[in-house]
Amino acid sequence: MNIYLASTSPRRRDLLRRIGIRFQPMTPAASETPEAVGHRAGSHPARYAVACARAKALSVAERTPAGVIIGVDTVVVCGKRILGKPRSRAEARKMLAMLSDRTHSVISGVAVVRMPDKNVLTASETTEVAFRKLGAEEIERYIAGPEPYDKAGAYGIQEQASIFVSRVSGCLLNVVGLPVPLLLNLLRESGWRQSTTAHG
């Protein structure tokens, strides 16, 4: 059974390779705005993440006549605010200042679409992450580099920002961007069986 990953994230591709899944990467063509995925204000953020993951997977469906498509979307939630990827240095600074000395949620929505019938399975994973108090100077040093700008919440726990974290409760790989145990459960439910060798 062919596996397709509807994602440009190098972290997700690397994690799939590490667990031995043979897959073909594809670039999704879905909008991730709340309006585009039908997310209503006040709805649980997990629904938004799942809706985005589903939209990403279905956006490549016409290019994948048979097999299984994986779509994933990860958001950071602080208080009642959903934090996506920062679009500027000022936005990255604001996000990190908001996360400083607080606990936030990292939520990944996962969608597995079996083709050609477009049968969709979805689920979400939530991990709680606590940041220590961050100094203004270290925030400035961090946002001066490239790391914050392709990640929800403006940080990558597997990179330099690991020193910001004081506690993680839940799936660490979810914070990296792919809740592997959850994904494997969905793939098995879709009828996929893992082979012993793989390439990305």
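Mentor: Let's start with helix α6, residues 180–189, where Val 180, Leu 182, Leu 183, Leu 184, Leu 186 and Leu 187 are buried. Buried here means under 20% relative accessible area, exposed means over 50%, and partly exposed is what falls in between, using a 1.4 Å probe and protein chains only. Helices (H or I, at least four residues) and strands (E, at least two) are DSSP runs, numbered from the N terminus. Bear in mind that this is a predicted model, with local features needing pLDDT of at least 70 and side-chain atom pairs counting only at pLDDT 80 or more, while totals for chains, interfaces and linings use all residues. Residues are numbered from 1 along each chain as its sequence is written, and side-chain values use heavy atoms, with hydrogens and water left out.

What do the buried residues of α6 pack against? They meet β1 (3–6), α1 (10–18), β3 (67–78), β5 (103–115), β6 and α5 (172–176), where contact means heavy atoms within 4.5 Å. After α6 comes Gly 191, with a positive phi near 105°.

Thr 103 sits in strand β5 and is partly exposed at 39% relative accessibility. Its C-alpha is 6.3 Å from that of Phe 131, 28 residues away in sequence. Setting aside residues up to four places away in sequence, Thr 103 touches Glu 128, Val 129, Ala 130 and Arg 167.

Most residues other than glycine have a negative phi, and most peptide bonds are trans. Against that background, a cis peptide bond joins Met 115 and Pro 116, with omega about 10°, and Pro 116 is in this loop. Lys 118 is in the loop between β5 and β6 too; though not a glycine, Lys 118 has a positive phi of about 60°. Lys 118 is partly exposed, at 38% relative accessible area.

On to Phe 131, which forms an edge-to-face aromatic pair with Tyr 155: 4.8 Å centre to centre, 70° between the planes. The pair ties together distant parts of the chain, 24 residues apart, with Phe 131 in strand β6 (residues 119–131) and Tyr 155 in the loop between α4 (136–143) and β7 (165–169). Rings of Phe, Tyr and Trp (its six-membered ring) pair if their centres lie within 6.5 Å; planes under 30 degrees apart are stacked, over 60 edge-to-face, and the rest tilted. Phe 131 and Tyr 155 are both buried. Ring pairs also draw Phe 131, Tyr 142, Tyr 155 and Phe 164 into a cluster, and the structure holds three aromatic pairs.

The loop between α4 and β7 also holds Ala 154, a residue other than glycine with a positive phi near 70°. Ala 154 is buried, at 0% relative accessibility.

Now for Ala 152: its C-alpha lies 6.1 Å from that of Leu 83, although the two are 69 residues apart in sequence. Leu 83 lies in strand β4 and is buried at 2% relative accessible area. Leaving out neighbours within four places in sequence, Leu 83 contacts Val 75, Val 76, Cys 78, Met 95, Met 98, Leu 99, Ala 152 and Gly 153.
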